[in-house]
Amino acid sequence: MYPNCLYHIPDNLSFSEATLMDPAANGYNAVIQQAGFRSGETAVVFGVGALGLMSIQQAYIGGASKVIAVGMSSDRRSREAIARKFGATDFLASDEEADLAESVLKIAGGNGVALVVDAAGVPMITEQAIRIVRNEGAIVRIGMSDKTYNRGLDDFALKNVRIIGHMGYNAESWRNSLALAAAGRLDLKSIITCELPLEQYHQGFEMSRTQEASKVILIP
């Protein structure tokens with residue numbers, strides 16, 4: 001092993017599982033390192049793709065009392081089950097809710113949540129996030145969008161909220177996520193929908209696009 005550069009895949013992990021270290025380490029960095037998540041706190045994760053699902057799991061491992069996953073009604077086919085397996089106590093479909101923020105607050109309590117992870121990036125989520133985050137809470141933005149946030153920033157100031165940009169991970173993220181996976185606490189397998197030969201990559205991308213798959217592994 002080259003410290004902080006290359007890591008040995010633990011003997012009890014398959015190569016396919018190891019390919020999930022990227023979203024797992026992203027989730028660890030966002031939830032534990034950047035947000036400083038504490039045991040007993042509540043979290044909301046917008047988006048149930050690979051980054052969102054791994055953020056859910058890292059919050060659960062970190063001792064969250066409640067983890068609310070927010071996806072779309074189409075995510076109920078497969079991704080809701082994975083989100084719940086990874087520790088989500090509740091699942092809300094944003095296109096089914098008349099007032100999503102109000103629904104979150106009913107679950108989390110009137111003071112709001114300690115952490116909002118935006119793994120989708122839509123500006124509307126930022127508006128929802130400021131409504132549901134508690135005073136002195138944190139919003140970590142993993143997802144990206146070039147759309148403009150068309151509101152003022154006073155609400156962030158009045159709540160003393162930390163808005164945290166996110167890009168990837170570092171050595172600590174990888175080291176600790178690998179340790180959690182090797183110990184059997186971090187599930188890297190359940191998110192894998194299927195493995196396909198490389199020549200079927202078109203099928204794999206289409207399965208991901210239509211949300212039929214959470215993660216497709218291509219085997220050279």
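Me: What makes the open space lined by G47, V70, G71, M72 and A120, among others, a pocket?

Reply: A pocket is an open set of points on a 1 Å grid over the protein atoms alone, with protein on both sides within 12 Å along at least five of seven lines; a cavity is a set where a 1.4 Å probe fits but cannot get out. Lining residues have an atom within 4 Å of a point. The largest pocket has 16 of them, and G47, V70, G71, M72 and A120 lie nearest its centre. Two elements, β2 and α6, each give two or more residues to that lining. This is a predicted model, where local features need pLDDT of at least 70, side-chain atom pairs count only at pLDDT 80 or more, and totals for chains, interfaces and linings use all residues. Residues are numbered from 1 along each chain as its sequence is written, and side-chain values use heavy atoms, with hydrogens and water left out.

Me: How much space lies in the largest pocket?

Reply: About 240 Å³. Grid points are joined across faces, edges and corners, and the volume is the space filled by probe spheres set on the points.

Me: Why is helix α5 called largely enclosed?

Reply: Helices are DSSP runs of H or I with at least four residues, strands are runs of E with at least two, and both are numbered from the N terminus. Buried means under 20% relative accessible area, exposed over 50%, and partly exposed in between (1.4 Å probe, protein chains only). Seven of the nine residues of α5 (residues 100–108) are buried, so the rest of the structure largely encloses this helix. The buried ones are L100, A101, S103, V104, L105, I107 and A108.

Me: What covers those buried residues of α5?

Reply: Contact means heavy atoms within 4.5 Å. The cover includes β1 (42–46), β2 (66–71), β3 (90–93), β4 (113–118) and α6 (123–132). After α5 comes G109, with a positive phi near 110°.

Me: What makes β4 and β5 a strand pair?

Reply: DSSP must find at least two bridges between two strands. β4 and β5 (residues 133–141) have five, and they run parallel. V116 stands opposite I139 in β5. The chain passes from β4 through α6 to β5 in a right-handed β-α-β crossover. Right-handed means that, with the strands pointing away from the viewer, the path from the first strand over the helix to the second runs clockwise.

Me: How many bridges join β5 to β6?

Reply: Four, and β5 runs parallel to β6 (residues 162–165). R141 has G165 in β6 as its bridge partner.

Me: Which elements make a right-handed β-α-β unit with β7?

Reply: α9 and β8. β7 (residues 192–197) and β8 (residues 215–219) are parallel and joined by five bridges. I192 is partnered by K215 in β8.

Me: Why is the pair of Y169 and W174 called edge-to-face?

Reply: Rings of Phe, Tyr and Trp (its six-membered ring) pair if their centres lie within 6.5 Å; planes under 30 degrees apart count as stacked, over 60 as edge-to-face and the rest as tilted. By this rule there are three aromatic pairs. Y169 and W174 have ring centres 5.7 Å apart and planes at 75°, so their pair is edge-to-face. Y169, at 34% relative accessibility, is partly exposed. W174 is partly exposed too, at 24%. Ring pairs link Y7, Y169 and W174 into a cluster.

Me: How do you know that Y201 and F205 form an aromatic pair?

Reply: Their centres are 6.4 Å apart, and with 85° between the planes the pair is edge-to-face. Y201 and F205 sit four residues apart in α9 (residues 201–209), so about one helical turn separates them. At 37%, Y201 is partly exposed. At 57%, F205 is exposed.
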